[in-house]
Amino acid sequence: MTELRSIRQLFDLSGQVAIVTGGAAGIGVQMAYALGEAGADLVLAARKIDRCTEAARTMEKELGIRVFPARCDVSKAEEIDALYQNVMQEFGRVDILVNNSGANWGAPSLDYPLDGWNKVINTNVTGSWLMCQKAGQIMSRQMYGRIINVASLASFVGADPEVMDAVAYQTSKAAVAGLTRDLAVKWARYNITVNAIAPGWFPSKMSQATLEKSKEKILSFIPMKRFGAEDELKAATLFLASPGASYCTGVVLSVDGGWVVM
């Protein structure tokens with residue numbers, strides 16, 4: 001009989017390297033901390049390098065790990081290529097990818113502008129795909145990898161236009177869920193798991209205006225009658241990134257206070 005791994009072993013990320021896009025702000029900070037606290041070295045990638053550098057200094061000091069700040073606009077293929085080249089030069093491997101960078105554009109669906117549509121789709125769908133593809137090329141050679149895409153409530157349901165009138169965002173997050181499931185099937189042979197987290201309503205810079213405008217209406221759809229707290233994505237992130245999640249792939253895990261089952 002195989003000896004059972006301890007809980008510490010199942011969730012230990014020591015020696016691993018994790019890329020977190022959008023990891024210096026919003027829910028990306030939670031996700032990055034979850035991986036760093038478990039021992040992984042981090043790459044924080046975002047369009048604003050100053051914010052990444054500041055977050056990297058803080059995390060290195062608090063967690064005692066290596067944190068590499070990197071500029072990357074995931075809507076631009078050449079910047080994704082440069083990111084992975086820099087990471088491989090710095091660390092020589094990629095074990096975990098958290099695809100958290102995202103864009104939104106609000107406008108009535110009957111008048112939705114094409115430039116808004118393209119911005120959101122290029123970032124949320126094409127950017128996520130290219131980040132996955134580059135990570136998959138490295139992880140397939142390693143015969144190990146954990147990819148976590150960031151989906152949304154929008155992966156499952158449509159949105160009341162009085163709360164969120166953003167058809168491109170809704171569409172993009174449904175596509176992220178589909179991408180997750182398909183790559184999970186295709187890359188299982190390489191010992192790469194591909195899962196997604198679907199956060200509900202968490203206070204952030206992107207969601208602040210909507211939460212302030214429609215707080216009571218949004219809460220009426222949440223059985224727990226509250227928004228997510230700052231640390232309530234950490235455990236889900238660590239689980240899906242961990243050795244302990246080795247038999248989970250293609251999962252879209254809702255962290256939403258019960259919204260989806262309401």
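Q: How do you know which residues line a pocket?
A: On a 1 Å grid over the protein atoms alone, a pocket is an open set of points where a 1.4 Å probe fits, with protein on both sides within 12 Å along at least five of seven lines, and lining residues have an atom within 4 Å of a point. Numbering runs from 1 along each chain as its sequence is written, and side-chain values use heavy atoms, with hydrogens and water left out. Because the model is predicted, local features need pLDDT of at least 70 and side-chain atom pairs count only at pLDDT 80 or more, whereas totals for chains, interfaces and linings use all residues.

Q: How much space lies in the second largest pocket, and which helix gives the most to its lining?
A: About 180 Å³ of space lies in the second largest pocket, a volume being the space filled by probe spheres set on the grid points, which are joined across faces, edges and corners. The most comes from α2, with three residues, where a helix is a DSSP run (H or I, at least four residues) numbered from the N terminus.

Q: What is known of the largest pocket and its lining?
A: About 1,400 Å³ of space lies in the largest pocket, and of the 50 residues that line the largest pocket, the closest to its centre are G102, A103, Y169, S204 and M206. The lining of the largest pocket divides into 24 nonpolar, 17 polar and nine charged residues. Its largest share, three residues, comes from α6.

Q: Why is α2 called oblique to α8?
A: The axes of α2 and helix α8 (residues 234-241) come within 8 Å and cross at roughly 55°, the axes being lines fitted to C-alpha atoms, for helices over the stretch in contact, with angles that run from 0 to 180 degrees between N-to-C directions. Angles under 35 degrees count as roughly parallel, over 145 as roughly antiparallel, 65 to 115 as roughly perpendicular and the rest as oblique, and therefore α2 is oblique to α8.

Q: Which residues make the contact between α2 and α8?
A: Q30, M31, Y33, A34, L35 and E37 of α2 make the contact with K234, T237, L238 and A241 of α8, where contact means heavy atoms within 4.5 Å. By class, the contact of α2 with α8 has six nonpolar, two polar and two charged residues.

Q: Why are α4 and α5 called roughly parallel?
A: The axes of helix α4 (residues 77-91) and α5 come within 10 Å and cross at roughly 30°, and α4 and α5 are therefore roughly parallel to each other. The contact of α4 with α5 divides into nine nonpolar, one polar and two charged residues.

Terms used
Helices (H or I, at least four residues) and strands (E, at least two) are DSSP runs, numbered from the N terminus. Ala, Val, Leu, Ile, Met, Phe, Trp, Tyr, Cys and Pro count as nonpolar, Asp, Glu, Lys and Arg as charged, and the others, Gly among them, as polar.
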